[in-house]
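Please keep the sequence and the model in view while reading.

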Amino acid sequence: MVDFEKSQTKKNLARAFAGECQDGARYQFLSQQAKTDNLNYMMGLLKTLAKNEMSHAKVFYDFLLKYGNGNKNIDIDAGFPYSTYQLDPGLKLASDAENSQFETVYPAFAREARDEGYDDVADQFLRIATVEDCHSKQLMELYTKLKKNKLYKEQSAKKWKCSKCGYEETKKEPDKNCPLCHYGIGYCIISLQDE
């Protein structure tokens, strides 16, 4: 096993921790925009993604504590992706970043961790990569529906459910306001393929 203090694994964990914290913050910002746009159900989805990212950050941080010697600062060299608060293109940019973590970044970090003798770290990088794949697909589907003005429109009748009161109706698109609780369409559950 490579000495952790001299390992690439240590740097990768620190970089992944910082990246996951940034992702969590960006999803919080996007969730606030969804709220501003009266897309309350989407706001909740984005807040859930933010919580997921912070959970990933904790996994990486816990490894730093487990293997590290208490060093108070780790220098890392990494990009700092940032984008607009607007849902379009923010959702697309976030989807692309998640896909990069799934396809490239975390698999590479896992290989390096395994090569250095940190199999437990490698396994967690790969597990988190699978979650990032789900995030990427969800974000891309939200972006596509938003871009095509199809968040609340379907070609055939489907069941729409109010996330506030639970009222359900089957039709091509939900009412602008729930017939039961009168909350706006933004509270209606958006069906995603990858949930």
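A crossing is called left-handed if the near helix is turned anticlockwise from the far one by less than a right angle, and right-handed if clockwise. Helices (H or I, at least four residues) and strands (E, at least two) are DSSP runs, numbered from the N terminus. The model is a predicted one, in which local features need pLDDT of at least 70 and side-chain atom pairs count only at pLDDT 80 or more, while totals for chains, interfaces and linings use all residues. Residues are numbered from 1 along each chain as its sequence is written, and side-chain values use heavy atoms, with hydrogens and water left out.

The protein chain contains 4 helices and 2 strands, arranged along the sequence in the pattern α-α-α-α-β-β. Its C-alpha trace spans about 65 × 25 × 25 Å along the principal axes.

The helical part may be read from helix 1. The axes used here are lines fitted to C-alpha atoms, for helices over the stretch in contact, and angles run from 0 to 180 degrees between N-to-C directions. Angles under 35 degrees count as roughly parallel, over 145 as roughly antiparallel, 65 to 115 as roughly perpendicular and the rest as oblique. Helix 1 (residues 8–36) and helix 2 (residues 40–67) have axes that come within 8 Å and cross at roughly 165°. Because of this angle, helix 1 is roughly antiparallel to helix 2. Their crossing is left-handed. The contact of helix 1 with helix 2 comprises 19 nonpolar, 6 polar and 6 charged residues; here Ala, Val, Leu, Ile, Met, Phe, Trp, Tyr, Cys and Pro count as nonpolar, Asp, Glu, Lys and Arg as charged, and the others, Gly among them, as polar.

Helix 1 also packs with helix 3, at an angle of about 165° and with the axes 11 Å apart. These two helices are therefore roughly antiparallel to each other, and helix 1 passes helix 3 in a left-handed crossing. With helix 4 (residues 119–147), the axis of helix 1 comes within 13 Å and crosses at roughly 25°. Helix 1 is therefore roughly parallel to helix 4. The crossing of helix 1 past helix 4 is again left-handed.

Two points of backbone geometry deserve attention in this region. Most residues other than glycine have a negative phi, and most peptide bonds are trans. Asn-38, in the loop between helix 1 and helix 2, has a positive phi near 60° although this residue is not glycine. The peptide bond from Asp-88 to Pro-89 is cis, with omega near 25°, and Pro-89 lies in helix 3 (residues 87–115).

How do the strands pair? Strand 1 (residues 158–161) and strand 2 (residues 168–171) run antiparallel and are joined by 4 bridges; two strands pair if DSSP finds at least two bridges between them. Lys-159 stands opposite Thr-170 in strand 2, and Trp-160 stands opposite Glu-169 in that strand. The two strands form a hairpin with 6 residues between them, and Gly-166 in the turn has a positive phi of about 90°.

A cavity is a set of points, on a 1 Å grid over the protein atoms alone, where a 1.4 Å probe fits but cannot get out; lining residues have an atom within 4 Å of a point. Grid points are joined across faces, edges and corners, and a volume is the space filled by probe spheres set on the points. A search of the whole structure finds 1 cavity of 30 Å³ or more, and the largest cavity has a volume of about 150 Å³. Its lining consists of 17 residues, of which Cys-162, Pro-174, Cys-178, Pro-179 and Cys-188 lie nearest the centre. Strand 1 and strand 2 each supply at least two residues of this lining, and the largest share, 3 residues, comes from strand 2. By class, the lining has 10 nonpolar, 2 polar and 5 charged residues.

Terms used. On a 1 Å grid over the protein atoms alone, a cavity is a set of points where a 1.4 Å probe fits but cannot get out, and a pocket is an open set with protein on both sides within 12 Å along at least five of seven lines; lining residues have an atom within 4 Å of a point.
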